[in-house]
Each structure stands twice: as structure tokens, then as C-alpha cells.
Amino acid sequence: QHTISGFNFAARPAPVWGSPQVLSDSSVSASEPAMDVDLAGYFHLVWLEGPAGSAANTLHYATGMGGAMSSGVALSSLSTGEFIRQPALMADAQGWLHLAWSGGSRGEIFYSRAMIAAAADPAAWSTAQVVSDGTAAWPQLAYDLAGRLYLMYVVQYNEARGVYLVHSTDGGMSWSQAELIFDAAGAGWQGIGAAALAAEAGAGGEQTTVLHAAWVEEALPGTQPSQGLYYSRATTSLAELELLAWSEPLVMAGELANWPRLVLAEDELHLLY
């Protein structure tokens, strides 16, 4: 942890960081942490654990507000043959924590939620829902001022490869049919990789939500590095969610660019990769 004033990537903060705190079990392999902060200033963290050399089979949660984080609590309970990967975590303005991941036995996208105050209790999380139609990856979460949730994911290979978006108007209890944002098969891509999503609610003082998305073009596994990083956006009304029209994807970076992150701060959109 390190405290800075303002949000300025150009200003390099003094390298004074707190002492690291080990949260994971030292006897297993830990990976893929995901963090968010709620409106009260509490940090929420999830990560994966599993036997060294094997797929992760448990998901852990910890929280804190400055100083030490709480002890990790195992949230997941997987059956034989199931796995979990790429967790995405988001705290909303209504006091909910939303969690999405790729896993199960076929690699579908799953979703669950819990009230922030009860998130350390595994029983407080809702029954996991499958929100993708088959194998998918890289779930990303966002929400707007109308209380709508957005969940974006990618189908990496095969005929249906592309970027998809679902939304919920009831806080995650039910989800819409998937909307195809980008048709990777139609564009002639061999595959698609990591993605990022951000929602700019009330953009420019207007009663609109602007969704920002980024994703990576991939070659076939084990053949070439990532082929490029792309960005697209769509605007919708806060009053009514009409069918979204996404802009033509812009090339933001070339070969080797990967792991995009979108950050909205002080009316600016930052793309990190």
C-alpha cells in the first residue's frame, strides 16, 4: 500500500511502500488477484489457490481499510474436474460485491454476488449463475448510475470467437441475452485474448452511459505472440438501454501488447497495457 495525492501518471510518487503482507497459503500456488474498493474506502481482494502445478480449485477473499488486510476466507467449493480462473471483482454503489469468473468443467462464465458487509461469509454469496453460452474467458464487470450491471467476456477460439456483453437491470439476479460486440471470426482473427471494460456514467453531464472496451488479438496458442490491442466504445441512455452501437475498433498498440486495463479518473480515460 502507498498513498498519493491526486491521480497523475506523469508524477512519480515517492517509493515509500508499506511492508508486504502475505495473504495466501504458503503451501500451495496462489495466482490471479483481483481488487476493488467500495465507496466507504474498504478494499476487497480475491485470488486463486491450488496445488502447485495444477489448476486452481479454490477462490479466497480478504478485505481491509488501510493497514493489514483480513485473513483470507475460502469462498468456492469445486467438484472433481472443475476449475476456476480469471476472477473479476466489483463493488457497486448499492452495497453489493459482484464476482465473475471462468471455470466449472467447461470454462463457462459464472457470476455471484454478496452484500459487502457479509462478503467474508461464504454462505452470503448467491448461487453461481452461468452467463455465457459455452466456453468463454476474461470476464469484466462495470455498472452505471441507473444501476445497470454490465458483464463483458470473450470467446477465444472456434466459430463463435469474439467479444460479448450481457447486462442486468435487477442487480445481477438475471442477465440479458449476449450481445456480440466484436466478431473476431468475421474479422479473420485466429483468436482473441485478454479484455477490459469501463463504464463512464453521466458522461459530460449528459444523461448517458459510455461503455469503453479493449481487447487483444491473439494468434493460435503456442504459435505467435499477441498481435495487437484494440479499443471500442458505445453510448446508451441512462433512462433506457437501447441496442448498443459500437464504434469501429481502433488499433491502440501492435504486436506484444497484452493485459489491457481501463481506468476512469478525473474525466479522463486511461488505457494501460
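**Exercise 1.** In which strand is Gln-86 found? Describe its surroundings in this predicted model.

*Solution.* Step 1: Gln-86 belongs to strand E5, which covers residues 83–91.

Step 1: The relative accessible area of Gln-86 is 11%. Buried means under 20%, so Gln-86 is classed as buried.

Step 2: The side chain of Gln-86 reaches the backbone nitrogen of Trp-138, at a distance of 2.8 Å.

Step 3: Leaving aside residues up to four places away in sequence, Gln-86 touches Glu-32, Leu-48, Ala-100, Trp-101, Ser-102, Ala-137, Trp-138 and Pro-139.

**Exercise 2.** Which strand gives the most to the lining of the second largest pocket? Characterise that pocket.

*Solution.* Step 1: The second largest pocket holds about 360 Å³ of space. It is lined by 18 residues, and those closest to its centre are Leu-75, Ser-76, Ser-77, Trp-101 and Ala-128.

Step 1: Strands E5, E6 (96–104) and E7 (108–115) each supply at least two lining residues. E6 gives the most, with 3 residues.

Step 2: By type, the lining of this pocket comprises 11 nonpolar, 6 polar and 1 charged residues.

How values were computed: Residues numbered from 1 in each chain as written. Predicted model: local features only at pLDDT ≥ 70, side-chain atom pairs only at ≥ 80, totals over all residues. Heavy atoms only, no water. Helix = DSSP H or I, 4+ residues; strand = E, 2+ residues; numbered from the N terminus. Buried < 20%, exposed > 50% of the residue type's maximum accessible area, 1.4 Å probe, protein only. Polar contact = N/O pair within 3.5 Å; in protein donor to acceptor, adjacent residues only side chain to side chain. Contact = heavy atoms within 4.5 Å. 1 Å grid on protein atoms, 1.4 Å probe; cavity = no way out; pocket = protein on both sides within 12 Å on 5 of 7 lines; lining within 4 Å. Points joined across faces, edges and corners; volume = space filled by probe spheres on them. Nonpolar A, V, L, I, M, F, W, Y, C, P; charged D, E, K, R; others polar.
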